[in-house]
Amino acid sequence: MTGTPRDRRRTVMAIVGPTAVGKTGVAVPVARELRGEIVSADSRQIYRGLDIGTAKPDAAETAAAPHHLIDIAEPSERFDAARFASLAEHAIEDVFGRDLTPIVVGGTGFYVTSLFEGLFEGPGRDKAIRSRLEEDAARLGPRALHERLAAVDPDAADRLHPNDAVRVVRALEVHESTGRTLSAWQREGRREPRYRPWYVLLTMDRELLYRRIELRVDRMVEAGLLEEVDRLLASGRLAEDMPAANALGYRELIPVVRGERALEEAVEEIKRNTRRFAKRQVTWFSRTPAELTIDMGKKEPEEAAHGLLEAWRRAAGRER
């Protein structure tokens, strides 16, 4: 008999969803119950020193469930999805090798996709085109280039922040130099992924999520986010031209530290930008083929974790 060959890749749980939805609160008890370790899929928690504004897990959470891919890069380092996928695969293999359960947890959709679907970064660089686009970004502002990208490659524009000039320039460079979009290159040139995802999507009513975001930002400021930004700038570990300076909560507060804007105005901008970011995450993850969707507006984290574990064990039983 012939038929579709069975997918023999090992299955990895992936808990995904927008910022502030409660991913860590669910993932830690799940990891504790399954003798698991968490592989973080967060593009900002990779940076050392950016602690409060990136909502890194605290000491109690990391003691309950070891975390991988946190604090692995300096704020000056460029870090892309391909590098994440490579490091995540090594971390997952390490966890499996110790007879434990790896659990991917995060809200950076592009990172999760790079791990489980594979990505191709596109053709080589064109220095002349890149230089011209970088000049345009400096003269017109990154948002103008993002609008230009949305007109030719809406998929790429949807996943890139308007202020992420480096990646927006790269996407426009690929389109200009090849006549094809970066999204098309990536779809057709994906590498073969090593693991099969078992997606758990955490959701929440949008207005409730936005209220949680605003409360979280207030708590970050109370916990010393401004002082953290001040220390990073004073020590030289963070500067405006570094990749990490684009992180939410940091780019808005750098002018406050320099006395160029009021704290209250910056805090409101952090809230607004985070709401917009969460909206893009919701859109991204709405396309995720989730095995389980949990409305976190209706469940406490421990209850959600319990339901997740039951579903995971049922699925494991079916596979056997």
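Which residues have the most contacts inside the largest nonpolar core?

**Figure 1. The largest nonpolar core of the predicted model.** This core has 77 residues. Those with the most contacts inside it are Met13, Ile15, Val30, Val104, Phe116, Val200 and Leu308. Helix 14 (residues 301-319) contributes seven residues, the largest share of this core. Apart from it lies another core, of 14 residues, which includes Ile129, Ala137, Val174 and Leu182. In soluble globular proteins, nonpolar side chains tend to be buried together.

**Figure 2. The surroundings of Val104.**

**Figure 3. Val229 in helix 11.** Val229 is found in helix 11, which spans residues 225-235. Val229 counts as buried because its relative accessibility is 0%, under the 20% cut-off. Neighbours within four places in sequence aside, Val229 is in contact with Gly249, Tyr250, Leu253, Ile254 and Val257. Arg32 is 197 residues from Val229 in sequence, and the two C-alpha atoms are 33 Å apart in space.

**Figure 4. Leu69 and Asp71 in the loop between strand 3 and helix 3.** Leu69 is found in the loop that runs between strand 3 (67-68) and helix 3 (81-97), and Asp71 lies in the loop between these elements as well. Most residues other than glycine have a negative phi. Leu69, although not a glycine, has a positive phi of about 65 degrees; in Asp71, also a residue other than glycine, phi is positive and near 60 degrees. Leu69 is buried, with a relative accessible area of 10%, whereas Asp71 counts as partly exposed at 34% relative accessibility.

Figure 5. Along the principal axes, the C-alpha atoms fill a box of roughly 60 × 50 × 35 Å. Buried residues account for 49% of the 320 residues. Of the contacts between residues at least 6 apart in sequence, 76% join residues at least 24 apart. The chain exposes about 15,800 Å², of which carbon and sulfur atoms supply 49%.

Terms used. Residues are numbered from 1 along each chain as its sequence is written. This is a predicted model: local features need pLDDT of at least 70, side-chain atom pairs count only at pLDDT 80 or more; totals for chains, interfaces and linings use all residues. Side-chain values use heavy atoms; hydrogens and water are left out. A nonpolar core is a set of buried Ala, Val, Leu, Ile, Met, Phe, Trp, Tyr and Cys residues joined through side-chain atoms within 4.5 Å. Buried means under 20% relative accessible area, exposed over 50%, partly exposed in between (1.4 Å probe, protein chains only). Helices (H or I, at least four residues) and strands (E, at least two) are DSSP runs, numbered from the N terminus. Contact means heavy atoms within 4.5 Å. Accessible areas come from the Shrake-Rupley method with a 1.4 Å probe; for residues, only the protein chains shown count as cover.
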